[in-house]
Amino acid sequence: MTDGISPEIISNEDIDPDFVDKIVEAGADRIRTCIQCGTCSAVCPSGQRTAFRTREIIRKALLGLKDEVLASPDLWLCTTCYDCLERCPRQIKVTDAILIMRNMAADHGFMLPEHRKASQKLLATGHAVPIDNANREIRKELGLKEVPPTTHSDNKALKDVKEILKRTGFKDLIDGQKKEGK
Amino acid sequence: MTPETQTYSFFLGCVMPNRFPNLEASIWLVLPKLGINLEDLEGASCCPAPGVIRSFNEPTWLALAARNLALAEMSGNDLITGCNGCYATFKEALTEIREHPKRLKEVKKIFKGMGIKFSGKGEAKHIIEVISDLGPDKIREVVTRKLDGIKVGVHYGCHLLKPSKNRPWKQTQKHTFLDELVEATGAESTKYKDKDLCCGAGGGVRGSQVEVSVDIAKEKLDNLVEAGVDCIVDVCSFCHLQYETAQEQLNMEIGEKKYNIPVIYYTQLLGLAMELNPIELGLDKHVVDTKPLLDKILS
């Protein structure tokens, strides 16, 4: 009857007592005041059509279930619409907390392949969505500069952007040079 | 006429210049006619995207955002953008820098030796914010062809409005400023169900989980079809991408042309009400054909 469904038992080794502190330090300072009312889940546009439950992520974070939260694909279903943050009766910065946990997830090597691809485009061109031939043509027809006056047409600017992405560690993060589990 | 003109550095972002340059063309055409001058922000990069790059590494997001803001600062102008996502990045980055001097120091350290001067004192504005400051009366003055009988479904977009603590609007919810600007053209802002619903594209969801993303867009599109609007009016290049491409995708899935609501940017709507050339406004370069809308307005 319950094939594939395991009872939710939390063992001590699953709990990282520092996990919430790190989320608080990074800016989601009121997260501990959560009363699990579920307003965040109720207003969530992704939650209305998937099994993603914001309340559940917050609860698991508060319990210190770091590995489970960071590995969860649900973390990436948030559209950052900010409805949960606006409606939270405890004024918890729910969306910020999700962004903080996403940063931790990426740092632990959890990144969706499409997101890595967009990041690689940023690293190569300075744009997550770079120009293509069809739009160069359309720009010309519209009387705009064929290549936008961005990093696309300025080598020094692109060089600066690449250098910044190197200095912040973004290049290593995306190239996967960073070790998993750190 | 306009007694004084303002000049802004126009931050293009990624989606507008590289996927929907027709929106960009309409902005270059219409804003100067309202007394708002625009200059290229040369060498700008991705803002970078608040839901994507900020999700992966916040310090990278802050540093690149600061570089773009610094380019505007060095040109002596405030920055202006026509994308809600870019707007969110700049509003949030400025607040982070201003409230935490430590963050400004970190960013400056990253810029070392690059000749980038940055104080965080310049402002970042949205195109619709500046138009809204002019007010609906000013819009009525420039309108020469009232768009009577045109039913518009207004879409604000999440990041234009939220987090409300860091946005300039008078209200925190049930906004009306864009509806008023639409109605100043003579068009009607039609009521429809769940008008404040997210377009579904943000947060990296469009890029990685397209089915969920399009399903959110579908909910709103169904409500707009139900309300019988002639077009959607948006003010965000990413929401725009979503409504243009989601309609095509949904039609392919169901095998019929159920979704064909023209999606236009506010400056395109205003341009039509100012009797500007639809071709110059880029209205022939949409994914969803704008002809039914143009026929209704030009007939």
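Predicted model: local features only at pLDDT ≥ 70, side-chain atom pairs only at ≥ 80, totals over all residues.

The buried residues I listed are B:Tyr266, B:Thr267, B:Gln268, B:Leu269, B:Leu270, B:Gly271, B:Leu272 and B:Ala273. Just after the helix I noted B:Glu275, which takes a positive phi of about 60°.

**Entry: the sheets of chain B**

I next traced an open sheet of four strands in chain B, whose order is 6-5-7-8 and whose pairing is parallel. Strand 6 (188-189) and strand 8 (263-265) stand at the edges with a single partner strand each, so one side of each is left without a neighbour in the sheet. Within this sheet I followed strand 5 (residues 151-154) and strand 7 (residues 231-234), which pair in the parallel sense over three bridges, and I saw B:Val154 standing opposite B:Val233 of strand 7.

I then turned to strand 1 (residues 6-11) of chain B, which pairs with strand 3 (residues 78-81) in the parallel sense over four bridges; here B:Phe11 stands opposite B:Thr81. Strand 3 also pairs with strand 4 (residues 124-126), again in the parallel sense, over three bridges, and the bridge partner of B:Leu79 in strand 4 is B:Ala124.

**Entry: the nonpolar core**

I looked up the largest nonpolar core, which has 145 residues, and found that A:Ala97, B:Leu69 and B:Phe90 have the most contacts inside it. Helix 4 (residues 58-75) of chain B gives the most to this core, with ten residues. For B:Phe90 I set aside the neighbours within four places in sequence, and the contacts that remained were B:Cys47, B:Ala65, B:Leu69, B:Leu79, B:Thr81 and B:Ala124.

On the chain A side I picked A:Ala28, which is found in the loop between helix 1 (19-25) and helix 2 (39-42) of chain A. A:Ala28 counts as buried because it has 24 C-beta neighbours inside 10 Å. Beyond four places in sequence, A:Ala28 is in contact with A:Ile23, A:Ile92, A:Lys93, A:Asp96, A:Ala97 and A:Ile100. I also noted that A:Ala28 and A:Ile100 are 72 residues apart in sequence, yet 8.1 Å apart in space, C-alpha to C-alpha.

**Entry: where the chains meet**

How many residues does each chain bring to the contact? I recorded 53 residues from chain B and 50 residues from chain A. Several helices of chain B each supply at least two residues of the side that touches chain A, among them helix 2 (21-30), helix 4 and helix 12. Helix 4 gives the most to that side, with six residues. By class, the residues of this side of chain B divide into 26 nonpolar, 17 polar and ten charged.

**Entry: a helix crossing**

Last, I checked helix 12 (residues 210-227) and helix 13 (residues 237-254) of chain B, whose axes come within 10 Å and cross at roughly 95°. The two helices are therefore roughly perpendicular to each other. B:Val214, B:Ala217, B:Lys218 and B:Leu221 of helix 12 meet residues of helix 13 including B:Tyr243, B:Ala246 and B:Leu250.

Technical notes. Residues numbered from 1 in each chain as written. Chains lettered and ligands numbered in written order. Core = buried A, V, L, I, M, F, W, Y, C linked by C-beta atoms within 7 Å. Buried ≥ 20, exposed ≤ 12 C-beta atoms within 10 Å, placed from the backbone. Contact = placed C-beta atoms within 7 Å. Axes fitted to C-alpha atoms, helices over the stretch in contact; angles between N-to-C directions. Parallel < 35°, antiparallel > 145°, perpendicular 65-115°, else oblique. Nonpolar A, V, L, I, M, F, W, Y, C, P; charged D, E, K, R; others polar. Pairing = 2+ DSSP bridges.
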